[in-house]
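Here is a brief report on the structure shown below. Keep the sequence and the 3D view at hand while reading.

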Amino acid sequence: MTTISDVDHVQGGERKPVLSLRGISKHFGAVSALTAVDLDVHAGEVVALVGDNGAGKSTLVKILAGVHQPSSGTIAFGGGPVVLSDPATALGLGIATVFQDLALCENLDVVANIFLGRELNPLRLDEVSMELRAWTLLNELSARIPSVREPVASLSGGQRQTVAIARSLLTEPKLILLDEPTAALGVAQTAEVLDLVERVRARGLGVIMISHNMEDVRAVADRIVVLRLGRNNGEFEPDASNQDLVTAITGADENSVSRRASRRRAQQSPELGR
Amino acid sequence: MTDDTQQISTARLLDRSDERVRHADTLGNTISAFVDRVRSGDLGSLPVVVGLIVICTAFESLNPVFLAPNNLVNLLFDCSTVGVISLGIVCILMVGEIDLSVGSVSGFASALVGVLWVGQDWPVAVAIVTALVLGGAIGALYAFLFNRLGMPSFVSTLAGLLGWLGLQLYLLGSSGSINLPYGSPLVNFGQMLVMPPIVSYVLAAVASLVMFVTGYRTAARRRQAGLSASSLGRMVLKALLVTVLLEFVVYYLNLGRGVPWMFGLFVGLCVVMNYALTRTKWGRSMSAVGGNREAARRAGINVRRVYLSAFVLCSTLAAAGGILAAARLASSSQQAGTGDVNLNAIAAAVIGGTSLFGGRGSAYSALLGVIVIQSIASGLTLLDLSSSLRYMITGAVLAIAVIVDSLARRSRLSHGRA
């Protein structure tokens with residue numbers, strides 16, 4: 001443990017990582033979803049986690065959220081080793097997660113969902129304060145939620161995503177995990193979420209963001225970590241070329257993305273192709 | 001004048017800034033919002049009201065004794081026993097599980113009280129507490145089987161249905177029934193004790209007053225916080241309507257023997273349960289687990305503990321209902337808790353508007369539903385129909401209630417109301 005954090009000190013300069021994973025593996029039966037994955041997140045840093053479908057990104061996030069337990073490997077958070085045995089432990093440590101499937105209770109209204117598990121005044125719910133705080137959070141995200149007293153079932157996909165993000169900001173977390181945070185959002189809301197990620201970084205929190213949208217990733221990430229088939233497959237600066245990133249993600253120079261790109265080039269300039 | 005200030009401030013209220021949402025500000029809007037809600041499958045207590053009107057007209061035309069004050073008083077005595085069991089069913093349905101053994105647990109509890117109190121000469125209070133604690137232990141056992149061994153509650157409680165019935169028969173032995181002493185406080189409570197008229201009037205007034213005061217204070221806080229709130233006039237109107245309705249019911253019952261204390265206990269339990277389900281963190285967790293178990297777990301809720309509380313509450317209330325039934329009949333018999341008790345308790349909760357699919361329900365659905373079920377039972381008894389016919393009719397009513405619930409749920413899904 002000590003040797004590892006010593007190494008990190010050298011690599012990360014003055015900064016100590018908020019979160020550091022070493023050799024995380026996860027097996028589901030015969031399938032190895034993750035194999036010996038290492039990952040560091042420093043305070044005030046946005047790490048983008050990219051990879052193809054089935055690369056293990058969401059599994060990694062679920063391990064950090066306490067939903068799954070790793071088969072092997074160690075997790076250090078805030079300087080010491082931790083065991084994230086269930087979601088309550090992860091939340092208690094200050095790890096907030098926006099899941100890809102959002103994990104909202106459709107039968108409850110927006111306020112109840114935002115405060116779920118963290119209600120104010122447990123024996124006599126303080127509905128007025130909770131509703132006020134909910135509106136404040138949603139307005140910060142420039143959300144277009146018609147009413148916070150309607151069940152979540154009546155909201156659109158994008159509105160639900162905003163509710164899920166608002167929920168992760170409710171308690172002051174130390175680390176925020178965003179699994180595809182902008183997938184269902186409109187143009188303005190996407191920009192708000194990216195702004196938000198930057199604001200969170202400025203406050204000195206760590207952010208892990210999963211996204212398939214390279215434009216979003218480049219816009220906010222300080223570091224891009226590529227996973228491929230459950231293993232680390234390279235780390236890039238945000239100004240890395242698309243070619244390099246795609247190669248790392250797909251694992252080959254010659255891949256469907258490059259083939260498509262060259263075909264399009266050929267179509268746009270038929271004289272050259274001939 | 002108050003209306004004018006309301007109009008002006010509406011534009012700036014935090015929760016009224018979205019122009020796409022219609023709000024029920026006027027009486028006409030309120031009515032049309034209600035119609036919309038019903039059409040989209042959010043039926044609330046409408047089926048109960050319609051059902052009660054149909055039942056009352058039908059039975060009253062067949063036998064004018066049906067609506068006589070004393071028949072209604074008897075009906076309320078009968079309601080309370082199944083009603084308390086049904087309140088437990090509401091709890092377990094909220095988390096999307098089921099307890100099919102409530103009838104057997106209630107029979108077991110009534111047998112236990114008979115054996116301990118009359119057979120073993122224990123003090124009656126100790127016998128009652130023992131029965132309640134053992135009822136809770138049965139619920140804890142179901143929760144253990146469910147949480148740790150993954151046994152579906154449907155199967156474990158079906159096994160319990162048979163098991164606790166066997167235990168009840170074993171306890172009662174060859175004699176088959178134990179008579180509880182007439183004139184004892186417990187039997188008096190179950191058969192005779194009614195509120196003095198003045199107490200019943202005052203309680204009815206206090207209920208509507210409390211409703212008004214809490215509503216007024218919430219509205220004041222909301223207005224102070226810049227949120228929309230219902231107007232004073234509407235609250236006064238609502239409070240007046242409730243007062244008049246409650247006082248009329250009490251007046252009518254006082255024309256007969258009066259309001260049974262046992263019914264008062266049942267209503268009190270409903271009020272407490274309603275508060276717990278709607279105004280506490282525990283109640284929120286119950287709805288959340290019933291609506292989306294995995295989401296609740298990821299929000300940091302201890303899902304196993306929520307299931308434990310639901311199973312334990314359900315079995316404890318079933319035991320309580322059994323003890324009340326024993327008091328009502330002045331005996332602990334082999335028949336207690338058998339027959340239609342189980343299904344009546346479940347049917348009452350569903351008819352009252354608690355969903356079989358979890359996450360939706362209210363403590364008052366037990367109260368409303370059991371009144372419907374008991375009215376049917378009472379009406380059929382007055383018509384001197386055999387129990388064969390009663391079973392068939394009650395079965396049909398239960399089927400209709402579940403059909404309404406399923407259709408309403410499908411409609412809610414398609415209208416985005418969960």
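Which residue in S10(A) is the bridge partner of Leu227(A)? The answer is Asn232(A). The model is predicted, and the sections below take up its parts in turn.

## A hairpin in chain A

Strand S9 (residues 223-228) and strand S10 (residues 231-236) of chain A pair in the antiparallel sense. The pairing runs over 4 bridges. One of these elements, S10(A), supplies Asn232(A) as the partner of Leu227(A).

The hairpin of S9(A) and S10(A) has 2 residues between the strands. Leu229(A) takes a positive phi near 50° in this hairpin.

## The open sheet of chain A

Chain A holds an open sheet of 4 strands, in the order S2-S1-S4-S5. The pairing is antiparallel. Strand S2 (31-42) and strand S5 (80-82) are the edge strands, each pairing on one side only. From one strand to the next, the twist averages 25°.

Strand S4 (residues 72-77) of chain A is joined to S5(A) by 3 bridges, and the two run antiparallel. Phe77(A) stands opposite Gly80(A) of S5(A). Helix H2 (residues 57-65) of chain A packs on the sheet. There H2 touches strand S1 (17-28) and S2 of chain A, and its direction makes about 65° with that of S2(A).

## The annotated range and Lys174(A)

An unreviewed UniProt entry lists residues 19-254 of chain A as "domain: ABC transporter". Over residues 19-254 the chain is 34% helix and 26% strand. The end C-alpha atoms of that range are 35 Å apart.

Lys174(A) is found in the loop between helix H6 (157-170) and strand S7 (175-179) of chain A. Is Lys174(A) buried or partly exposed? Lys174(A) is partly exposed, because 17 other C-beta atoms lie within 10 Å, whereas a buried residue needs 20 or more. Leaving aside neighbours within four places in sequence, Lys174(A) is in contact with Val18(A), Gly78(A), Gly94(A), Leu205(A) and Gly206(A). Thr35(A) is 139 residues apart from Lys174(A) along the chain, and their C-alpha atoms are separated by 26 Å.

## Where chain A meets chain B

How many residues of chain A are in contact with chain B? The count is 30 residues of chain A, in contact with 31 residues of chain B. Helix H3 (87-93) and helix H5 (127-140) of chain A are the elements that give two or more residues to this side of chain A. H5(A) provides the largest share, 4 residues. By class, the side of chain A that touches chain B has 22 nonpolar, 4 polar and 4 charged residues.

## Helices of chain B

Helix H12 (residues 281-291) of chain B is mostly covered, with 9 of its 11 residues buried. Among the buried ones are Arg284(B), Met286(B), Val289(B) and Gly291(B). The buried residues of H12(B) pack against helix H4 (110-114) of chain A. Within chain B, they pack against helix H4 (69-94), helix H11 (261-279), helix H13 (293-298) and helix H14 (303-329).

Helix H6 (residues 124-149) and helix H7 (residues 153-172) of chain B have axes that come within 10 Å and cross at roughly 145°. The crossing is right-handed. H6(B) makes the contact with Ile138(B), Tyr142(B), Leu145(B) and Phe146(B). H7(B) brings Ser153(B), Ser156(B), Thr157(B), Gly160(B) and Trp164(B). By class, this contact has 5 nonpolar, 4 polar and no charged residues.

How values were computed. Residues numbered from 1 in each chain as written. Chains lettered and ligands numbered in written order. Predicted model: local features only at pLDDT ≥ 70, side-chain atom pairs only at ≥ 80, totals over all residues. Buried ≥ 20, exposed ≤ 12 C-beta atoms within 10 Å, placed from the backbone. Contact = placed C-beta atoms within 7 Å. UniProt positions renumbered as here; feature names shortened; annotations may be inferred. Nonpolar A, V, L, I, M, F, W, Y, C, P; charged D, E, K, R; others polar. Pairing = 2+ DSSP bridges. Axes fitted to C-alpha atoms, helices over the stretch in contact; angles between N-to-C directions. Left-handed = near helix turned anticlockwise from the far one by under 90°.
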